[in-house]
Amino acid sequence: MGSILSRALAALVALGFAASPAAAQTDDYPRRAITLIVPFAAGGPTDVISRIISDYMSRSLGQSIVIENTLGAGGTTASTRAARATPDGYTIEMGHMGTHAASVALYPNLAYKPDVDFAPIGLVAGTPVLILAKKDFPPNDLKAFVTYVKGNVATLNMAHAGVGSVSFTTCLLLNSILGVKPTSVPFNGTGPALTALIAGQVDYMCDQIVNVVQQVQAGQIKGYAIGTPERSPALPNVPTSREAGLPEFQAQAWNALFAPKDTPQPIVDKLTGALDKALDDEQTRKRLLELGSVLPGKAERGQQALAALVRREIDRWTPIIKAANPTD
Ligand code: MLT
């Protein structure tokens, strides 16, 4: 009798009449903590945005989201780990313009394809990029900065967060516009790079606004220009690169959540829904806006919009990087 019953049950499962283990796993997702891989040092812009957004998402998902700072190779070590993680929704990544666009041209043997190996969850925030220097750097405006850097490049150090990072890529653009090649000083993130800039150990860098609002306002570093068409309400006294005389410097980065490809669609949808709710939450929005983030409107949110953004950004940065000859 028992064996007849178990054979009948097995037949039902084979015919799809019983809930499959995969369906059971997606229905009650998440049942435990989710790991969010952050590709740069704690305290930097990617880490700060990740902590703000995951704070709300974890509350709406009913499970904690644990930040794992995986460092190295301009964010590509972390992204390789994320691409290869078990696609079960328990490991996701905060990628950005560097890890999921610029890295394609900067690493000919990149171990992942940003537009193929991930299931996009959604855009989290735009992060305008500024041209910055230590506080006693002699130039007081962008025109003087350009002249000074061109005349003194042999003695200058530029800080960045590794080949493939936003800071590396956007200063590569700046340096190629200026026709200069300063000594480049890599850090594991612009959190530590900013500490070095404040201490005057490095001369200049290009960084996301999220990392520098307070420090520019307090005069701990100089902010020469922002690489977006409009000034930022978070730093209204910093001119745009167009206003300051360097319109070719257009640099807005972004942060976005990705799951490994083959993560079950219902799980990706739950994560997208939780992110969407977080982006509608008044307190979360306030925290992100105070840091100068640009919050995505409804049309820029979601999986398809992020997939399209990744493709557009690879297409935008690849020729810029190739023309700038980063390996020279
Ligand atoms: C960071 O979080 O440290 C930055 O996003 C690094 C960068 O890409 O410049």
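**Entry 1**

I started at the contact and counted 30 residues of domain 1 touching 27 residues of domain 2. A reminder to myself: this is a predicted model.

**Entry 2: which parts are these?**

I looked up the division of the chain next. Domain 1 takes in 33-126 together with 254-324, while domain 2 covers 128-244. I then checked the spacing and found 24 Å between the C-alpha centres of domain 1 and domain 2.

**Entry 3: the interface**

How much area is buried between domain 1 and domain 2? I got about 2,000 Å², with carbon and sulfur atoms giving 70% of it. I searched for salt bridges across the interface of the two domains, and the rule finds 0. For polar contact, the rule finds 2 residue pairs across that interface.

Then I asked myself which elements give two or more residues to the side of domain 1 that touches domain 2. They are the helices α3 (45-61), α5 (98-106), α11 (282-290) and α12 (303-324). Sorting the residues on that side of domain 1, I noted 18 nonpolar, 11 polar and 1 charged.

**Entry 4: the ligand**

I turned to the ligand and listed its surroundings: F40, G44, P45, T46, H96, A161, S165, V166, S167, G189, T190 and Q208.

Terms used:
Residues numbered from 1 in each chain as written. Predicted model: local features only at pLDDT ≥ 70, side-chain atom pairs only at ≥ 80, totals over all residues. Heavy atoms only, no water. Domains from an automatic or database assignment. Contact = heavy atoms within 4.5 Å. Buried area = accessible area lost by both parts, 1.4 Å probe. Salt bridge = Lys/Arg side-chain N within 4 Å of Asp/Glu carboxyl O. Polar contact = N/O pair within 3.5 Å; in protein donor to acceptor, adjacent residues only side chain to side chain. Helix = DSSP H or I, 4+ residues; strand = E, 2+ residues; numbered from the N terminus. Nonpolar A, V, L, I, M, F, W, Y, C, P; charged D, E, K, R; others polar. Near = heavy atom within 4 Å.
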